[in-house]
Amino acid sequence: MDFRSSEQPARTPLRSTTTTGLKIVVVGGFGVGKTTMVRSVSEIRPLSTEETMTRAGVGVDDASGVETKTTTTVAFDFGRISLNEQMVLYLFGAPGQERFWFLWDRLFSGTLGAVVLVDTRRLADSWYAIDRLEHHGMPFIVARNNFGEPAHPLERVRDALSLSGDVPLIDCDARRRESSKAVLIALVNHLSTLSSARESIS
Ligand SMILES: Nc1nc2c(ncn2[C@@H]2O[C@H](COP(=O)(O)OP(=O)(O)OP(=O)(O)O)[C@@H](O)[C@H]2O)c(=O)[nH]1
Ligand SMILES: [Mg+2]
């Protein structure tokens, strides 16, 4: 297995002021850009378990719509980002291919929240992710990774995914650090809103 590291960015030491570490997972269907997001945003060299896709996967893995893809995640991606002086997120990118989905429930252990990445060309691939998160009662937001296709209005995406109104749904470009960071900030804000709502009830 190739535990590949990208050249960018250089290693950044964890700030001594950090007091809170949150485990976050990035899930979604095959080829939606999960590895790309973890790589673009991580301030340490991300760990990736990418394998070259071979002809052995033809007929087993559904590569329709992402025919130019040459590698796939076979375990998980790992990265880290400090959101401010106190808070650091540990990011785990899940594998997207159906035959690796059995790993997801283990990845969810200790996770506080999730980002579901969706590609509107292959929306149905994201249903499994949403289903598993709802099963675990795990808070999540949905980010539409924009591959440059004519963008559907987000409200139509919400309807197609049968998302309830209180689940944040935003646009992103997983290749851009600032865009990926904005997704993570939206998730942390969502977690904070949920936690305040719980406190006001109790
Ligand atoms: N145009 C465009 N291409 C993207 C974007 N995000 C990812 N890609 C490309 O889409 C392909 C799939 O990205 P990955 O990050 O490997 O997707 P993944 O979800 O990790 O895939 P699996 O681990 O195999 O499920 C790669 O070739 C990326 O360069 C995007 O926002 N726009
Ligand atoms: Mg991947």
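Tutor: Asp105 is partly exposed, because its relative accessible area is 35%, between the limits of under 20% for buried and over 50% for exposed (1.4 Å probe, protein chains only). This model is predicted: local features need pLDDT of at least 70 and side-chain atom pairs pLDDT 80 or more, while totals for chains, interfaces and linings use all residues. Residues are numbered from 1 along each chain as written, chains are lettered from A and ligands numbered from 1 in written order, and side-chain values use heavy atoms, without hydrogens and water.

Asp105 belongs to helix 2, residues 104-107 (a DSSP run of H or I, at least four residues; strands are E runs of at least two, and both are numbered from the N terminus). Between the C-alpha atoms of Asp105 and Leu133 the distance is 9.2 Å, with 28 residues separating the pair in sequence.

As for the ligand, ligand 1 is surrounded by 18 residues, and the closest are Lys34, Thr35, Thr36, Thr72 and Asn145 (a heavy atom within 4 Å). Helix 1 (34-41) and strand 4 (71-73) each contribute at least two residues to this shell, and helix 1 gives the largest share, three residues. By class, the shell holds four nonpolar, 10 polar and four charged residues.

Side chains of Lys34 and Asn145 each place an N or O atom 2.7 Å from an oxygen atom of ligand 1. For Asp173, a polar side-chain atom lies 3.1 Å from a ligand 1 oxygen. Of the 650 Å² of accessible area that ligand 1 has on its own, the protein covers 81% (Shrake-Rupley method, 1.4 Å probe).

Methods. Polar contact = N/O pair within 3.5 Å; in protein donor to acceptor, adjacent residues only side chain to side chain. Nonpolar A, V, L, I, M, F, W, Y, C, P; charged D, E, K, R; others polar.
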